[in-house]
Amino acid sequence: MTILAEHVQAYLERIRPERSPVMVEMEELAERERVPIVHWETGRMLAALCRAMDPVVLEVGTAIGYSTLHMAEQLERGRVVTLERDPERAAQARDFLSRAGVAERVELVEGDARETIQRVEGPFDFLFVDATKAEYRDYIELAEPKLTERALLVVDNLLMSGEVALPENAETFWSDDSLVAARALNAELLTSERWLGTVLPVGDGVGLAARRG
């Protein structure tokens, strides 16, 4: 299930510009091995934000480094600190990022993000979360003390193929824990006193929020 009408999704796919050979290789690997990566539109949004802000980014969930590459390509003085628990995925990400020529802008930290967030040094201007869905709130709460006063938060998969909008007893692809966590975070972003947020139908649903300070 997609969150957009099929003809709209097909249109957006048709107008995508050509990607670099490394990025295409990453997309093909993700499709072949069912590696979860962000939709291209989400990656492009991350890239545009990084181009505008040139931030120091904390990314929770590297996988093979697809979203990392979108961001790192647009940085000048900024950098990405990205956290990944799977050693095999981390090794793949390092290889891709090196071949794409952005390795010097990326620090990849291995381990459980709930532990590594506490060890990395901030401050960070931008927090991107795309890891274990039921742990999203943990990641954000752990990262908040390391964020700048006006930091930006982006969270992926908050619409979960549109399944967050289905009745609670509906048959779904996503787990109950993930859906409960997404619904709770969506509501929190829209009512939070700490964040000024919204949920956008981009990719698989993106939460976008600015820290209120």
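## A tour of the sheet and its surroundings

Start with the open sheet: its 7 strands run in the order S3-S2-S1-S4-S5-S7-S6, with mixed pairing. Strands (E, at least two residues) and helices (H or I, at least four) are DSSP runs, numbered from the N terminus. Two strands pair if DSSP finds at least two bridges between them. This is a predicted model: local features need pLDDT of at least 70, side-chain atom pairs count only at pLDDT 80 or more, and totals for chains, interfaces and linings use all residues. Residues are numbered from 1 along each chain as its sequence is written, and side-chain values use heavy atoms, with hydrogens and water left out.

Now pick S4 (residues 124-129) and S5 (residues 147-155). They pair in the parallel sense over 5 bridges. Find Val129; opposite stands Val155 in S5.

**Helices on the sheet.** Show H5 (residues 87-99). H5 packs on the sheet and touches S2 (79-84) and S3. Contact means heavy atoms within 4.5 Å. The direction of H5 makes about 170° with that of S3. Such angles run from 0 to 180 degrees between N-to-C directions, with axes fitted to C-alpha atoms, for helices over the stretch in contact. Next, show H8 (residues 176-191). H8 touches S5, S6 and S7 (206-211).

**The core.** Select Leu58, Leu83, Leu127, Val129, Ile140, Leu153 and Val155. These have the most contacts inside the largest nonpolar core, which has 31 residues. Such a core is a set of buried Ala, Val, Leu, Ile, Met, Phe, Trp, Tyr and Cys residues joined through side-chain atoms within 4.5 Å. Buried means under 20% relative accessible area, exposed over 50%, partly exposed in between (1.4 Å probe, protein chains only). Among the touching partners of Val155 are Tyr136, Ile140 and Leu185.

**Helix H3.** Jump to residues 40-53. These 14 residues should span 20 Å at 1.5 Å a residue, and the end C-alpha atoms are 20 Å apart, which agrees. The expected span is 1.5 Å times one less than the number of residues. Buried residues of H3 include Trp40, Met45 and Cys50. Just after H3, Asp54 takes a positive phi of about 45°.

**Last stop.** Select Phe173 and Trp174. Their ring centres are 5.9 Å apart and their planes at 85°, so the pair is edge-to-face. Rings of Phe, Tyr and Trp (its six-membered ring) pair if their centres lie within 6.5 Å; planes under 30 degrees apart count as stacked, over 60 as edge-to-face and the rest as tilted. Phe173 is exposed at 69% relative accessibility, while Trp174 is buried at 17%.

Terms used. Lists of a residue's contacts leave out its neighbours within four places in sequence.
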